[in-house]
Amino acid sequence: MRDRLIIGGHDFGSRFILGSGKFSLDMTETVIQNGGVEMATIAVRRANKNGEENIIDYMPKGITLLPNTSGARSAEEAVRIARLARELGCGNFIKVEVIRDSKYLMPDNYETLRATEILAKEGFIVMPYMHPDLNVARDLVSSGAAAVMPLGAPIGSNKGLLTKAFIEMLIDEIELPIIVDAGIGKPSQACEAMEIGCAAVMANTAIATARNVALMATAFKLAIESGRAAYLAGLGRVLDRCGEASSPLTGFLGENL
Amino acid sequence: MMKTNPMTYLANMEQIESDVFEKVLSRVSSYDYTQYKDCDVKCALLKDTLNPDDFAALLSPAAKPYLEEMAQKSKALTHKHFGNSIQLFTPLYISNYCENNCIYCGFNCKNKIKRGKLSLEEINTELKTISETGLKEILILTGESRQKSDIQYIGEAIKLAKTYFSTIGIEIYPLNSEEYSYLNNCGADFVSVYQETYNLVKYESVHLSGPKRVFPYRFHAQERALMGHMYGVSFGALLGLDDFRKDAFATGMHAYFVQRKYPSAEISFSLPRIRPYINHEEKEINDVDEGALFQVMLAYRLFMPYASITISTREKAHFRDHTLGVCATKMSAGVVVGVGGHVAEIKGDEQFEISDPRSVAEIHSMILQKGLQPVYTNHITSKGLVGWGVW
């Protein structure tokens with residue numbers, strides 16, 4: 001059975017999207033290999049074209065680049081960064097993130113929505129990073145987003161799926177891939193995200209802060225695959241109380257009155 | 001007489017852009033309820049949010065042994081979403097003239113029944129009398145005759161109703177969105193249109209003539225109502241007309257896709273099933289016994305826990321009472337299904353026979369005895385603020 005992740009008409013065998021900003025650039029290839037990663041983000045602001053330590057130079061061939069608009073504080077800034085990414089030859093994918101809160105780094109849903117609308121019209125494959133709000137997610141769909149990327153917990157916190165109940169709403173209601181972005185700190189949390197029906201998981205800090213970065217990339221790969229398989233298999237039942245012998249609510253059927 | 005194509009719109013029927021029709025019909029055409037097994041039902045019962053496939057499993061024969069489990073879960077969900085509230089309303093038939101020839105219906109234009117239409121004065125008297133029972137929600141019904149009960153007439157009836165009731169629903173022939181908007185401005189907020197069956201071949205064979213024969217125009221009525229700013233819409237199939245599992249599945253899918261497209265719409269279900277009616281004895285129907293009907297109600301509740309479910313007076317008191325709080329959240333009381341009849345003699349015959357003639361006071365005390373709460377008002381209209389006068 002071929003189980004592929006489709007985003008904006010492109011398909012991927014891997015459901016592990018790697019964030020790349022937090023580990024040494026020379027680890028990039030190993031992490032990508034161990035994680036079976038096919039798509040990795042790059043911060044456009046870190047692209048140092050023809051310069052030293054240019055993140056793009058460290059990306060192995062064949063990987064799909066997902067440039068992000070990190071650093072943008074408004075829709076206009078995000079749009080400008082996206083256009084620069086295209087100029088740099090990073091392709092049409094763009095992860096929109098607009099953050100105007102430097103303490104908690106919370107995404108600004110309103111500005112993100114505006115940027116998504118503009119960029120989708122310009123032919124970008126837009127993957128907006130957002131706080132999981134159902135109404136905004138619906139608006140992102142109608143604005144032409146190709147996926148929706150809700151945060152699981154504050155970025156870099158490794159706290160896991162704190163927003164699980166809200167992400168589940170998006171999974172139920174939104175007919176686009178829901179990709180948990182931010183907050184996933186352990187393979188078990190990535191697995192849980194996949195079990196509940198997320199289409200993919202994005203992680204960076206969890207791997208970058210591990211003692212053994214290369215091994216943690218492998219662990220994430222396995223966890224994401226395992227969670228996906230569990231989702232496809234359909235979770236089994238959980239017995240939370242004993243069965244009841246009588247039929248208090250259906251006993252009336254067939255009573256002849 | 002040449003039969004018309006039921007897919008062809010008549011002149012003046014509005015056609016809207018919508019993919020809901022294709023989505024629902026394609027789901028239904030691939031629904032094979034015999035393929036579901038025990039484990040599919042158990043799996044569906046485990047979930048917090050059901051997808052269409054889980055809903056399909058709960059409507060299948062495989063779910064029959066799990067009725068008690070379904071009922072337990074349904075009761076918990078009903079309580080979670082509605083507390084112990086049971087909403088009360090009553091219908092008022094203002095006209096039974098009809099231009100449709102639907103072979104299962106008592107209002108069938110070929111039936112030699114007593115036809116009648118209330119004057120505005122008579123409507124006012126009926127409304128006043130009904131309001132004296134304490135009810136605050138009314139459902140205004142007509143047969144399908146744009147000639148005998150035109151939009152202006154219905155609009156005037158709604159305006160009158162607004163002076164006594166806080167919530168007004170209409171169960172009339174399907175309209176264009178502008179007409180819905182007009183009636184919304186008159187004070188109606190809720191629209192019921194029942195597709196009867198979602199099987200086009202069957203639909204064609206039982207709707208022999210009249211505007212109702214146009215299948216897609218009826219299908220899109222809820223969407224047009226929402227485009228006309230109505231607050232909520234109701235869905236239902238006449239269970240027993242065709243394969244009831246398929247029709248119940250289609251009804252759920254219809255509501256599901258409309259809800260997804262109009263997330264703010266209030267969704268309700270009704271579950272009429274075929275009962276005996278005048279001039280036409282029951283014949284060749286797919287039997288929907290009480291167990292089957294209960295299964296469908298429970299499946300609706302588990303699939304759309306937030307939807308209102310109305311239990312019909314076509315059902316016996318015993319059955320109605322047991323569904324309350326388990327899945328049903330709304331019921332009619334003090335029901336007369338002839339035209340008029342709350343004050344004077346009825347002016348026109350009824351569409352069907354009712355099985356629960358209890359008065360508002362009787363229903364009220366039954367609900368209290370069950371530990372539930374009768375609710376009379378649950379809605380503030382945005383339009384026609386005259387209605388505030390009754391608060």
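In chain B, a polar atom of the N108(B) side chain sits 2.8 Å from the backbone nitrogen of K110(B). This is a predicted model, in which local features need pLDDT of at least 70, side-chain atom pairs count only at pLDDT 80 or more, and totals for chains, interfaces and linings use all residues. Residues are numbered from 1 along each chain as its sequence is written, chains are lettered from A and ligands numbered from 1 in the order in which they are written, and side-chain values use heavy atoms, with hydrogens and water left out.

N108(B) belongs to the loop between β2 (101-102) and α5 (120-131) of chain B; helices (H or I, at least four residues) and strands (E, at least two) are DSSP runs, numbered from the N terminus. Its relative accessibility is 7%, so N108(B) counts as buried. Here, buried means under 20% relative accessible area, exposed over 50%, and partly exposed in between (1.4 Å probe, protein chains only). The N108(B) side chain also makes a polar contact of 3.0 Å with that of N101(B). A polar contact is a pair of N or O atoms within 3.5 Å; within protein, one must be able to donate a hydrogen and the other to accept it, and residues adjacent in sequence count only if both atoms are side-chain atoms.

Next come the cores. A nonpolar core is a set of buried Ala, Val, Leu, Ile, Met, Phe, Trp, Tyr and Cys residues joined through side-chain atoms within 4.5 Å. The largest one has 128 residues, and I170(B) and F294(B) have the most contacts inside it. Helix α12 (residues 290-303) of chain B gives this core its largest share, 10 residues. A second, separate core of 58 residues includes L18(A) and F23(A).

As for charges, the whole structure holds 30 salt bridges over all chains, each a side-chain nitrogen of Lys or Arg within 4 Å of a carboxyl oxygen of Asp or Glu. R260(B) pairs with E173(A), with the closest N and O atoms 3.7 Å apart. E173(A) lies in helix α5 (residues 164-173) of chain A and R260(B) in helix α11 (residues 244-261) of chain B, so this pair joins two chains. R260(B) also meets E175(A) in a salt bridge (3.1 Å, N to O). R260(B) is buried at 14%, while E173(A) is partly exposed at 25% and E175(A) is exposed at 57%. Within chain B, E196(B) bridges to K212(B) at 2.7 Å between the closest N and O atoms, and both residues are buried.
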